[in-house]
Amino acid sequence: MLSGKPTRREFLQGTGILIVSFSLPSAFKSALAQAANSSKIVALDEVDAYLAVDATGRVTLYSGKVELGTGVSTALKQIVAEELDVPITAIKLIEGDTLLTPAQGKTWGSLTIQNGGVQIRQAAATARQALLQEAGKRLGLPVADLAVEQGTVRSGAKQVTYAELIGGKNFSLKLDKQAPLKDPANYKIVGKPILREDIPPKVTGEFTYVQDFNLPGALHGRIVRPPTIGASLQSVDENSIRGIPGVVKVVQQNNFLAVVAESEWGAIQAAQKLKANWSDWQGLPDQSKLWEYVRATKITKDDVTSNVGDADKALAQASKKIDATYDFAIHTHGSIGPSCAVADFKDGKLTCWSASQGPHDLRTQLAAMLSLKDTDVHVVYMEGAGCYGRNAHEDAAADAALLAHTMGRPVRVQWMREEEHGWDPKGPPTLMDLHAGLDANGQVVAWRSELFVPDGTGGVVVKLLAAEAAGLPVDKGMSPGNIINNSAIPYSFPNVKTVAHRLAETPFRPSWIRAPGRMQNTFCNEAFLDEVAVAAGADPFDFRLRYLSNDPRGTELLKRLIQLAKWRGRNATPTTGDVARGRGVTYVKYELARTYVGAVADVEVNRKSGEIRVRRFAVVQDCGQVINPEGVRNQIEGNVVQTVSRTLKEEVTFDRSRVTSVNWANYPILTFPEVPEIDIDLIDRPTEKPWGVGEPAAAVVPSAIANAVFDATGVRLRSVPFTPAKVRAALQSASEAGHVVDVPQIASLAFNQDISQSPIPYSTVTDFARFLG
Amino acid sequence: MAAKSIPLHVNGKIAHVSVDDPDMPLLYALRDNLGLRGPHFGCGLGQCGACTVHIDGNAVRSCVMPLSSVGKKKIVTLEGLSLSGKLAPIQEAFVSEQAAQCGYCINGMIMQAAAFLAHNKNPNEDQIKQALADNLCRCGTHLRIVRAVKRAAT
């Protein structure tokens, strides 16, 4: 059961130094040499892949999922501390290291706790079970008589520590799905707002982001991007940078052009001043006709995401039809720190330090690019500036890898601001046509939608810029495939058909950005649903509840939202002068399978300037079991603020050759004075599965705002971003069409708001401020 | 161009940095020459605030501040706020309010807020928001940052 094989403790400690230190001790090199030959167990079904206990009782948690700034490193430790009964301070985390951590999949899709954390919990439960059995043998007592406290197994005066039982040895155990999990009623750590361990070093400057990391003797690399996306390099004039001190080399490989220098400033200046001739290229569509372009793009296949009854027939027979088209602009990730990576190529082996959300996938991509074996590439995760999806971290890693491979010296590549805005892969343009039919009684009889998004044949990776430019092996196809999620709806209408037309091309490398597709699709669906509710003369809560009758958690969530938001019906807020006030309701069941979120937005619309101010968001979320309520609230707030920004302001602009929104002046994001207040009711269900929280609350934001703007002005905004110009145009066109810009009278709430007979037990999470005292 | 040695007054000490270009922005001297990684590179354009330091008590964007213009002025970086080994009240407030997600912008938030609070002892929320209006956060931690600054002021 508990074998006597030693672990690679010393090696791991060496790696720990490597991860956290800027100035590297000389011992580092031998640690790296060991690393290359190590055989740390990483198989997904082995306890040793996730957990080790050393001779002093300290626990090391190996996680393939990584900390992106969402607080999961603390939450994952909470899970282990709880299940093993060790102090959280006794746990050290090693994350996203291709030699040391199990390949638990990318850190994306709000799956770190839901999938990764649950695997880790099972590993901890398996380990605990084995430790108790071993302790029983040692103490001569039945397991039932044993209790664990702070890593010590006790029964009366008899005791034995985890360190004595396993310290420094392997568990050599398969993950046991039957290993008993702790009863949530006995939780002491999970469900509590434990303070994040990474915040103190982040407020003192001690924290080492990948942008802060470097190796002794490393060169600084900067990439010289072509003036147009598809340009070919014709010639380079190296004399143009003669005289810039410290320049070591101009690296050219097909259309990949870079400079490497001894100093960072030298590299920056050289990259700015290097003269090169590039061919012209004008392959981008005309942005003013983007949606015509999307509609005209070749469809490679249709994904039918739901099909109930006969939507076409029911639509044809409906007594009232509603049709609308929604669109959502191209977005950039907008990381505050541009992407960065460090790479070292030595003795045929590549090591790359990267903030990639998928170190294991990046290893495969880098190996393919440089024609190396996967086993000759080692990717080490280091946290970077928040990325919110696949930004350019992987591209910076490829740049650094290619330069290190060329130079035979370590190279650090730091992207510049205009590179990050101009060249990171983008959230693709999204277009949806929607149709609904009502019968004579205002009941929905049909819902049909057609979504236009890029195909997803590229799978889980985005092709690497450096590989493509240098003419090296590159991934095929476009990502991401899963952006059709939430194009189907959570409401039980009798006839529904939702289809995603997958497009053969899109203007920029498509990528996922927070709640990818789910947010755009929820915008279209929930804003259109509001149109349908108005056509049916129904209150938006009443209308949703009517068609959620078979979903008790969704129903309870909406009823709690009514209370949190103090909902009093549509158009219940007064309008004075130029400023119109309104409230909008929205709801999502994420991917129709997990986290529920409902929201009410309060907005003000200035009819003269067209400016929208989002004043307040009321959010209710049910993500099942809450691991760290403080972390969850932080994520809800972040989702709301970031997505208000995306909804009101953000749009990548481009001409026929390149992105033109290349800094914060022409790609503005939300600023402090514009941030809404946020009220949160977090439903904790300790006995349910823990679901993801990093994305779902983003999904509801654009539709809540759109619906609130309609409530305020009677005007529908169907195109994100809701810029002042678009608002003014919509108001103008409504006024010219003779529409009374006022909201129709809607029946007031017609249901019982009593939630005391909730079908599922819940408890409101303790307010964090009160917890802190 | 021969390398020049430039004296800088940083976090209470004189440090000499050897540079080829005296017009190099201060940020690179702090990060690359002196190993001070509190100030971050965000845009190099003075737009986001991630690189903010104090110069004679004022919050300044070090990514657009040429070394040659610093002279004998006193520079304080994020690291300089807690030289005694104890967190400054503004840093403690950020921890108490859990006012970070990725935290990359937090250097700028703390340095901007600290300079603001030095002259505004009891600001209201709107004044705090105005003081931070030119500092960008992408994670959406704004409400917590405002609460942290408020907490530090009281």
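Predicted model: local features only at pLDDT ≥ 70, side-chain atom pairs only at ≥ 80, totals over all residues.
**Helix α12, chain A**

The buried set runs H393(A), E394(A), D395(A), A396(A), A397(A), A398(A), D399(A), A400(A), A401(A), L402(A), L403(A) and A404(A). Twelve of the 15 residues are buried, so I noted α12(A) as largely enclosed by the rest of the structure. I then checked the length of α12(A), residues 393-407. The helix reaches 21 Å from its first C-alpha to its last, close to the 21 Å expected at 1.5 Å a residue. Just after α12(A), I found G408(A) with a positive phi of about 70°.

**Helix α15, chain A**

Next I looked up α15(A), residues 518-535. Its 18 residues should span 26 Å at 1.5 Å a residue. I read 25 Å between the end C-alpha atoms, which agrees. I logged α15(A) as mostly covered, with 16 of its 18 residues buried. Just after α15(A) comes G537(A), where phi is positive, about 70°.

I turned to backbone angles. Most residues other than glycine have a negative phi. I noted two residues to look at here.

D85(A) is not a glycine, yet its phi is near 60°. I placed D85(A) in the loop between α4 (72-84) and β3 (91-95) of chain A. Is D85(A) buried or exposed? I count D85(A) as buried, because it has 21 C-beta neighbours inside 10 Å, and the cut-off for buried is 20 or more.

Q150(A), also not a glycine, has a positive phi of about 50°. I found Q150(A) in the loop between β4 (147-149) and β5 (152-155) of chain A. With 13 C-beta neighbours inside 10 Å, Q150(A) counts as partly exposed.

Most peptide bonds are trans.

The bond from S479(A) to P480(A) is cis, and I read omega near -10°. P480(A) sits in the loop between α14 (465-470) and β20 (496-503) of chain A.

V720(A) and P721(A) are also joined by a cis peptide bond, with omega about 5°. I located P721(A) in the loop between β25 (719-720) and α21 (724-736) of chain A.

**α18 against α20, chain A**

I then took a helix pair: α18(A), residues 629-648, and α20(A), residues 701-713. They pack at an angle of about 60°, and I noted 9 Å between their axes. That angle makes α18(A) oblique to α20(A). Which residues make the contact? From α18(A) I listed V640(A), T643(A), V644(A) and T647(A). From α20(A) I listed V701(A), P702(A) and I705(A). By class, the contact residues are five nonpolar, two polar and no charged. I recorded the crossing of α18(A) past α20(A) as right-handed.

**Chain B against chain A**

Last, I looked at the contact between the chains. Chain B puts in 49 residues and chain A puts in 49 residues. I checked which helices of chain B supply at least two residues each to the side touching chain A. They are α1 (26-33), α2 (89-96), α3 (106-119), α4 (125-131) and α5 (142-153). Which of them gives the most? I found α2(B), with four residues. How does the side of chain B that touches chain A divide by class? I logged 24 nonpolar, 18 polar and seven charged residues.

Definitions and conventions. Residues numbered from 1 in each chain as written. Chains lettered and ligands numbered in written order. Axes fitted to C-alpha atoms, helices over the stretch in contact; angles between N-to-C directions. Parallel < 35°, antiparallel > 145°, perpendicular 65-115°, else oblique. Left-handed = near helix turned anticlockwise from the far one by under 90°. Contact = placed C-beta atoms within 7 Å. Nonpolar A, V, L, I, M, F, W, Y, C, P; charged D, E, K, R; others polar. Expected span 1.5 Å × (residues − 1).
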